[in-house]
Amino acid sequence: MSGQAQPPDGAAVVAGDSAALEDIVVLGRIGAASGVRGEVHVHPFADDPDQWSALSHWWLGSEGDPPARWQQRKLIRCAVRSGRLTAHFDGIADRTQAEALRGVLVGAPRSALPAPAKDEYYWADLLGLQVRNTRNQPLGHIVGLIDTPANAVLQVADGAGGERLLPFVAAVVLEVDLAAREVRVDWEADW
């Protein structure tokens, strides 16, 4: 699965999504139903969903929902089949119920997740960070991330209706400073 990029010195994006949630870290999005017994395919927002697929419960919600609106669901099983992540939740017994979940986000409270390793970031932690280039010019702030087969891409809004797409790779992303809420990039303002 794709989604992990290697910005500054091998840093990696662990998981997350564009939903700006305080207590819930978005881990993926439910796709199509799988079979007739209530299983669903899940598009993970990380290379290695094994850590969070081992959780006993996932929370289901919609983008923009406050954490209190997310619903906890017991995870009956989660496995990688034919290169795809498939999950089955308690209370989802047939294909019709599974199809109704298409597009729903899956997540977990930050406290239930392992702390990211050095130079790893949950996508949710990157949202809102200011982006500055090597000339100290402000380029905007991160409003989302896009997972592509090659690497993650930062969506940077400039505040005037414009948006830049910056590859989240070491050649472009030079430093992520969560404490300062800033990302330093090798990217010109007029690109």
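The questions below concern salt bridges and the places of their partners.

Reply: Before we start, this is a predicted model in which local features need pLDDT of at least 70 and side-chain atom pairs count only at pLDDT 80 or more, while totals for chains, interfaces and linings use all residues. Residues are numbered from 1 along each chain as its sequence is written, and side-chain values use heavy atoms, with hydrogens and water left out.

Me: How many salt bridges does a search of the whole structure find?

Reply: The criterion is a side-chain nitrogen of Lys or Arg within 4 Å of a carboxyl oxygen of Asp or Glu. Searched over the whole structure, the number of salt bridges is seven.

Me: How many residues apart in sequence are the parts that Arg29 and Glu63 tie together?

Reply: The closest N and O atoms of this salt bridge are 3.8 Å apart. Strands are DSSP runs of E with at least two residues, numbered from the N terminus. Arg29 lies in strand β2 (residues 24-34) and Glu63 in the loop between β4 (57-61) and β5 (71-81), so the separation of the joined parts is 34 residues.

Me: Which residues are linked with Arg132 in a network of salt bridges?

Reply: Arg132 forms a salt bridge with Glu182, with the closest N and O atoms 3.3 Å apart. The network linked with Arg132 comprises Glu182 and Arg184.

Terms used:
Helices (H or I, at least four residues) and strands (E, at least two) are DSSP runs, numbered from the N terminus.
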